[in-house]
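Work through the exercises below with the sequence and the structure open beside you, and try each task before you read its solution.

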Amino acid sequence: MLDPNYIRQNAEKIKELVNIGRASSEKVDVDLWLKLDSQRKEVLLQLDQINREKNKLAERGKSGDVEGLREDGKRLKEESNKLNEQLADITTQWQTIMDWIPNIPFTEVPIGKGADDNIEFKAWEPVNGYLPIEKLSAAEGSGEHMSKFAANGGADFAVKPHWELGKALDIIDLEAGAKVSGSRFYYIKKEGALLIMGVFNLLMRKLIQDGFDPMIVPVLVKERALYGSSQIPGDADQIYKIESKYLEDNNQLYLIGSSEPSNFAYFADSVLIEKDLPVKVMAQTPCFRSEVGSWGKDVRGIKRTHQFDKLEMNVITEANIDKAREMHEYLLSLNEWLLQTLKLPYHVINMCTGDLGYFAAAKKYDVEVWLPSAGEYMEVMSDSITTDYQTRRLNIRYKDSENNLKYAYTLNDTGATHRLLIAIIEHYQTQDGKLLVPEALQDFVGKSVIG
RNA sequence: GGAGAGGUGCCUGAGCGGUCGAAAGGGCUCGUCUCGAAAACGAGUACUCAGCAAUGGGUCGCAGGUUCGAAUCCUGUCCUCUCCGCCA
């Protein structure tokens, strides 16, 4: 949620968001909002006036001579009831429009309609390191300069997609996932399970060293948590809603699509102290997504599924844009650390205004691993600055050094997901159909070759 | 699942129809004193909305109701705690 004052003073900027496709033209009627806003102000003013009179009346009543007051009191009450109804009605409409206004992109965010306008600003591969700048580009990026072969497989040969080798090695079972739960579900088995657990473990140890607090969090949450981090209303169709007659107190619950709502809602309605910032937490949870709208897309393998595990990194910082930018780069450095430690080629793109995705993001980097089998990049991490968009909704504030209360800033970044197993299978397979274990995971997995 | 108790400011805790945004104590901040500290003493110490300000509105878990007037009474709701039961 934006500061209403900001919207009043920058109505043109909000309209611009609609024009460039960042905000829904259907939901975000800025002129209507401005009209409702002034109506609301007017009613609020009238209500204050009535309340003032009520208070005066009550003051007079203290003397005990109540006779002449009854009628006025009743009249004022009726009037205030009426105004309250009006206010509630206006506020609902006013709020609904605001709920659909996304965060304002930072100036360095590329302007653009969609994926083609994203800017690739970094690409890395294990042998040569970072690609020279002239090989980077927009959109599809440096794909043409990336190797068609497994980065760590030892020879040049046609790379098998993960579902093929995963099945052959009996470490991924898609049929069983379908049998038990339906399409877009899977089992990861044996060394496959160890590999991905090892990845989570590797990152967790790094994050703990870096001062992140590990959290085990609810996976079923109330609407407010999802609204707070802006999955509702923006991505509401992605969310599974629990249906049960046994919900306690009729408390509607939802399955999270990321631990971010659970992590941030933990701090809802609280006041932090500046010296305790930044707050850095991490949680590994299953994530649930309906994937409506992507039917027919990525149907093979474990890339796009209804349930997967994710280790999420969430940060609360003070309200300072430059510090947020610094933290954003720091989180990216953790992403890069993991991929470089695993020797997986990747690139980083600065998402354009039309491709920022969820409402809270003011700036977002996607980190994508190169998949030689398909000759394309696959998103594995998403690092975003969400400024005070989420903390306004969740009422997370802090006291600064001058004792002022301010809304804190938040940042979100994916630490690791099951998709990294896809990347490992692509890049560590050998010509004879075996899978090497990345050096950094060998202790955990207990061997250096699978198959 | 059954029975009971309670939710007030940073904390403890009073208030139970007007004098209450709220006693008292603690904590914290500033000041006096001191070479410095402790102690003592003095002052200050919730949030929020409108407004340049003066000022005014709202908030005693939350939502309604009664009343000229509600932290105080009534209803609902959420949460916490205790005991019993059931189960890890």
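This is a predicted model: local features need pLDDT of at least 70, side-chain atom pairs count only at pLDDT 80 or more; totals for chains, interfaces and linings use all residues.

**Exercise 1: a strand and its neighbours**

Determine how many bridges join strand S9 to S10, and which residue of S16 is the bridge partner of Val315.

*Solution.* Begin with strand S9, residues 279-288, which runs antiparallel to S10 and is joined to it by 10 bridges. As one example of this pairing, Cys287 has Phe308 of S10 as its bridge partner. Then turn to strand S16, residues 409-417, which pairs with S10 over 8 bridges, again in the antiparallel sense. Here Val315 finds its bridge partner in Leu411 of S16.

**Exercise 2: a helix and its surroundings**

Decide why helix H12, residues 419-427, is described as largely enclosed by the rest of the structure.

*Solution.* First list the buried residues of the helix, which are Arg419, Leu420, Leu421, Ile422, Ala423, Ile424, Ile425, Glu426 and His427. Because 9 of the 9 residues of H12 are buried, the helix is largely enclosed by the rest of the structure.

**Exercise 3: the whole chain**

Describe chain A by its helices and strands, its span and its buried share.

*Solution.* Counting the elements gives 13 helices and 18 strands in chain A. The C-alpha trace spans about 100 × 55 × 45 Å along its principal axes. Finally, of the 451 residues of chain A, 39% count as buried.

Terms used:
Residues are numbered from 1 along each chain as its sequence is written. Chains are lettered from A and ligands numbered from 1 in the order in which they are written. Two strands pair if DSSP finds at least two bridges between them. Helices (H or I, at least four residues) and strands (E, at least two) are DSSP runs, numbered from the N terminus. A residue is buried if 20 or more other C-beta atoms lie within 10 Å of its own, exposed if 12 or fewer, and partly exposed in between; C-beta atoms are placed from the backbone.
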